Amino acid sequence: MQRVKTLVIALTLALGTVGVGAHAAAPDAAATTAPTVQIQQIRNATARISYAGKTFLIDPFLAKKGAYPGFPGTFNSQLRNPMVELPMSAKDVMKGVDAVMVTHTHLDHWDGGAHQFIPKAIPLFVQHEADATLVRGQGFTNVRILGENTVFEGVQLTKAGGQHGTDAMFATKPLAEALGESMGIVFRAPGAKTVYVVGDTVWRSEVDQTLEKFKPDVIILNAGDARVVGYTGSIIMGKDDVLHAYQAMPNATIIATHMDAINHTTLSRKELKDHLKQHGIGNRVRVPADGETLAF
């Protein structure tokens, strides 16, 4: 029980309560097939998604390297977070962003209350009223709750479900409350590929249902296999889930992220790439470096 209490304290701290030529050329095939989707990996689960003419920032965690202590009661808790610097300045991360999407308010997905990089009036989407209340309390004035049929500037956004840990973890009430809820997000627009940000969840029926309903072209998996001490299993996905996604959606591209930045992740990019090579599935799986942009 002491271990659970320690972990609850750690995760509570992570819940976003910190500080708060001469002739005109004729149109060609390249022009008509230009990508409408660009996904830039920033760090951890933070990404910029340029979608149908709008730019969304996912789960902004913009602190400098080592700004926060490791999460007690988790794997490698002696390491400070984040473990690496941003690949660009926070100002450049925010450049051109039209809206911010916060899948949940754990610190490594939202530290917007601790700095002034994110404009207070920017459209900011959260999963439910509890997160909205927290974020509004940090001074943000344009906070919106994502639903099943939310439209932002021509982009259709859908909240998807999941569970941020195993059933055994959620059977322990204090731990379940600390882990809390986390959403996924589906992006759709006419002429654009469907993108599914799965979010912080283990593989559950909600994920299967979202895949079946929306048949996404691009799936972003948080695949760092994050662990807490004293429990079997992960609180997010891992390498076997990447393989599962590859097999479940044979026409989709999988983007694996949420690695090499936070103390409690146990899977590195290198280990995942070795796993992909071993199973011969690298043709549809991308493991982007921080700062790398993928186009679809």
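In the hairpin of strands S2 and S3, two residues lie between the strands, and Ala-52 has a positive phi near 50 degrees. Strands here are DSSP runs of E with at least two residues, while helices are runs of H or I with at least four; both are numbered from the N terminus.

This is a predicted model: local features need pLDDT of at least 70, side-chain atom pairs count only at pLDDT 80 or more, and totals for chains, interfaces and linings use all residues. Residues are numbered from 1 along each chain as its sequence is written, and side-chain values use heavy atoms, with hydrogens and water left out.

**The sheet around S2**

S2 covers residues 46-51. Five of its six residues are buried, meaning under 20% relative accessible area with a 1.4 Å probe, protein chains only. S1 and S2 form another hairpin, also with two residues between the strands. In that turn, Asn-44 has a positive phi of about 55 degrees. Ser-50 stands opposite Thr-55 in S3.

Two strands count as paired if DSSP finds at least two bridges between them.

| Strands | Bridges | Partners |
|---|---|---|
| S1 (residues 37-43) and S2 | six | Ile-39 and Ile-49 |
| S2 and S3 (residues 54-58) | five | Arg-48 and Leu-57 |
| S9 (residues 184-188) and S10 (residues 195-199) | three | Ile-185 and Val-197 |

S1, S2 and S3 belong to an open sheet of seven strands, in the order S6-S5-S4-S3-S2-S1-S14, with mixed pairing. Its edge strands are S6 (143-145) and S14 (293-295), and each pairs on one side only. The twist averages 25 degrees from one strand to the next.

Helix H4 (residues 129-137) lies across S5 (124-126) and S6. H4 runs at about 175 degrees to S6. Such angles run from 0 to 180 degrees between N-to-C directions; axes are lines fitted to C-alpha atoms, for helices over the stretch in contact.

**The other sheet**

Seven strands also form an open sheet in the order S7-S8-S9-S10-S11-S12-S13, again with mixed pairing. Its edge strands are S7 (150-152) and S13 (285-286). Helix H7 (residues 205-214) packs on this sheet. H7 touches S8 (155-160), S9, S10 and S11 (218-222), where contact means heavy atoms within 4.5 Å. The direction of H7 makes about 175 degrees with that of S10. Helix H8 (residues 239-248) lies across S11, S12 (253-257) and S13, and runs at about 165 degrees to S12.

Technical notes: Buried means under 20% relative accessible area, exposed over 50%, partly exposed in between (1.4 Å probe, protein chains only).
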